[in-house]
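Here is a brisk report on ring geometry, strand pairing and core packing. The sequence and structure come first.

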Amino acid sequence: QVQLVESGGGLVQPGGSLRLSCAASGRIRSIYFMGWYRQAPGKQRELVATITNDARTNYADSAKGRFTISRDSAKNTVYLQMNSLKPEDTAVYYCNADVTSLGGTLINTYWGQGTQVTVSS
C-alpha cells in the first residue's frame with residue numbers, strides 16, 4: 001500500500017507564505033504524476049498545480065506567478081511553495097499521485113488526507 005502524508009498547512013496573514021510538503025511512502029516502483037488540489041467550503045475541489053515525472057509543470061490561473069510546485073525524486077516528495085497568499089486561497093489542500101507499486105504494473109491514484117491553509121488577518 002502507498003500512503004501520502006502532507007504537512008505545512010496553517011494560519012498565515014495575507015501576503016505571507018507557506019510551503020506544503022507531501023511525502024509518498026510504501027512499496028513504490030514509480031511515481032508518474034503528482035499534484036496539489038484544494039477545496040474551499042461550499043466549493044468543488046479544484047486543481048492548483050501538477051508536476052510530471054519529466055518535470056513538466058502546470059498551474060491554475062489563480063496560482064500562476066504566486067505558487068511553485070517542485071519535487072525531490074530521491075525522497076518521493078512534492079512541494080508547493082505558496083507566496084503572496086490571499087484570503088481566497090483559504091482551503092483544504094490535498095496531495096495527489098499516480099503510482100505503480102513494486103511487483104505490479106497497474107497505475108493507482110492516491111490522495112493525501114488534506115492540510116488546512118487559512119489566510120486571514
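## Aromatic pair

The ring centres of Tyr 37 and Trp 111 lie 5.1 Å apart and their planes meet at 65°, so the pair is edge-to-face. Distant parts of the chain are linked here: Tyr 37 is in strand S4 (residues 28-39) and Trp 111 in strand S10 (residues 107-111), 74 residues apart. Strands are DSSP E runs of at least two residues, numbered from the N terminus.

Tyr 37 counts as buried, at 17% relative accessibility. Trp 111 is partly exposed at 38%. Buried means under 20% relative accessible area, exposed over 50%, partly exposed in between (1.4 Å probe, protein chains only).

The model is predicted: local features need pLDDT of at least 70, side-chain atom pairs count only at pLDDT 80 or more, and totals for chains, interfaces and linings use all residues. Residues are numbered from 1 along each chain as its sequence is written, and side-chain values use heavy atoms, with hydrogens and water left out.

## Arg 45 over two rings

The charged end of Arg 45 sits over the ring of Tyr 94, 3.8 Å from its centre. Arg 45 also lies over the face of Trp 111, at 4.8 Å from the ring centre. The rule asks for NZ of Lys or CZ of Arg within 6 Å of the ring centre and within 35 degrees of the ring normal.

## Strand S9 and its partners

Strand S9 (residues 91-101) is mostly covered, with nine of its 11 residues buried. Strands pair if DSSP finds at least two bridges between them. S4 and S9 run antiparallel, joined by 10 bridges. Ile 28 has Ser 101 in S9 as its bridge partner.

S9 and S10 are antiparallel too, with five bridges. Asp 98 is partnered by Thr 109 in S10. Their hairpin has five residues between the strands, and Gly 103 takes a positive phi near 85° there. Three bridges join S9 to strand S11 (residues 115-119), again antiparallel. Tyr 93 stands opposite Thr 115 in S11.

## Nonpolar core

The largest nonpolar core has 30 residues, of which Trp 36, Leu 80 and Tyr 93 touch the most other members. Such a core is a set of buried Ala, Val, Leu, Ile, Met, Phe, Trp, Tyr and Cys residues joined through side-chain atoms within 4.5 Å. S9 gives the most to this core, with five residues.

Leaving aside neighbours within four places in sequence, Tyr 93 has contacts (heavy atoms within 4.5 Å) that include Trp 36, Tyr 37, Leu 80 and Thr 115.

Key:
Rings of Phe, Tyr and Trp (its six-membered ring) pair if their centres lie within 6.5 Å; planes under 30 degrees apart count as stacked, over 60 as edge-to-face and the rest as tilted. Helices (H or I, at least four residues) and strands (E, at least two) are DSSP runs, numbered from the N terminus.
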